[in-house]
Amino acid sequence: MEPAELEFIGENSLISVIPNFNHDSIYLISGTIEPFRGGTPLYVPLWLGIHLRQQQKCRIVAPNWMDIDLLEDIKETEKRISTFTKMPSPNYMVEAKLILNTAPEDVPSSDGIKTLIKDIYDVRCAKLRTTVENFIKSEGSHTVNLENVTVLELHTIQPLLPHAMDLLSRIEQTRKVVRSMNTTTQSFSFGGTSGLGSSGSSRPW
């Protein structure tokens with residue numbers, strides 16, 4: 001999928017907003033949104049929350065995972081272990097980008113949070129590239145654990161992975177050809193030796 005498609009999927013995440021207007025329920029294909037009551041929080045799709053915020057019709061409530069201490073812990077854990085930690089949201093990058101770009105004033109310590117999220121993303125993507133490189137170097141002999149890797153992160157290795165799989169496939173095909181040639185050569189060698197032995201022991205005249 002292209003980045004725009006991934007962002008479209010992420011925009012359907014639910015976020016909490018505090019509207020400053022009243023409105024009846026809204027019926028969407030994805031479900032019904034509760035009535036809007038000024039000052040009362042409710043959950044809406046991210047795309048709708050961003051739209052309302054841009055029109056100054058609501059305030060966005062920062063997701064619980066947008067917390068300095070929590071993100072610091074995630075960052076340190078991610079740097080310390082070789083596997084991927086489970087992120088608090090599978091669409092964390094899309095949510096962070098839209099919320100922090102649209103309403104940074106609604107998120108406490110927004111600058112620090114933006115930096116931490118970028119650091120976490122960079123660490124995870126670097127780890128992902130290293131994982132793929134090790135997989136290639138092992139010529140596919142080791143399995144790759146991609147548990148907890150988000151779709152957007154996987155997209156960063158999209159240009160590399162097909163080429164890597166193609167290379168491994170070519171290596172395996174070459175091995176099969178070499179093994180086949182070695183087997184044929186050995187069979188021919190054994191057969192030739194046997195024939196010479198028979199010829200040398202027989203005396204037809």
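User: Which residue in S4 is the bridge partner of leucine 14?

Analyst: In this predicted model, the partner of leucine 14 in S4 is proline 45. Strand S1 covers residues 14-19 and is joined to S4 by four bridges, the two running antiparallel. Two strands pair if at least two bridges are found between them, so the four bridges of S1 and S4 meet that rule.

User: What makes S4 and S5 edge strands?

Analyst: The open sheet has three strands in the order S4-S1-S5, with antiparallel pairing. Strand S4 (42-45) and strand S5 (58-61) each have a single partner strand, so one side of each lacks a neighbour in the sheet. On average, neighbouring strands here are turned by 50° against each other, direction ignored.

User: Why is leucine 71 called buried?

Analyst: Its relative accessibility is 1%, and buried means under 20%, so leucine 71 counts as buried. Leucine 71 is placed in helix H3, residues 68-80. Beyond neighbours within four places in sequence, its contacts are Trp65, Met66, Ile113, Leu116, Ile117 and Ile120.

User: What makes arginine 53 and aspartate 106 a salt bridge?

Analyst: Their closest N and O atoms are 2.7 Å apart. The cut-off is 4 Å between a side-chain nitrogen of Lys or Arg and a carboxyl oxygen of Asp or Glu, so the pair qualifies. Arginine 53 is in helix H2 (residues 46-54), while aspartate 106 is in the loop between helix H4 (92-102) and helix H5 (110-137), 53 residues apart. Arginine 53 is buried at 9% relative accessibility, and aspartate 106 is buried at 11%.

User: How do you know that glutamate 153 and arginine 124 are buried?

Analyst: Glutamate 153 has 1% relative accessibility and arginine 124 has 0%. Glutamate 153 lies in helix H6 (residues 151-155) and arginine 124 in helix H5, so the pair ties together parts 29 residues apart in sequence.

User: Where do glutamate 78 and lysine 127 lie, and are they buried or exposed?

Analyst: Glutamate 78 is in helix H3 and lysine 127 in helix H5, 49 residues apart. Glutamate 78 is buried with a relative accessible area of 1%, and lysine 127 is buried at 12%. Their side chains form a salt bridge at 2.8 Å, N to O.

User: How many disulfides are there?

Analyst: The count is zero, with a cut-off of 2.5 Å between cysteine sulfur atoms. Cysteine 58 is buried at 6% relative accessibility, and cysteine 125 is buried at 4%.

Notes: Residues are numbered from 1 along each chain as its sequence is written. This is a predicted model: local features need pLDDT of at least 70, side-chain atom pairs count only at pLDDT 80 or more; totals for chains, interfaces and linings use all residues. Side-chain values use heavy atoms; hydrogens and water are left out. Buried means under 20% relative accessible area, exposed over 50%, partly exposed in between (1.4 Å probe, protein chains only). Axes are lines fitted to C-alpha atoms, for helices over the stretch in contact, and angles run from 0 to 180 degrees between N-to-C directions. Contact means heavy atoms within 4.5 Å.
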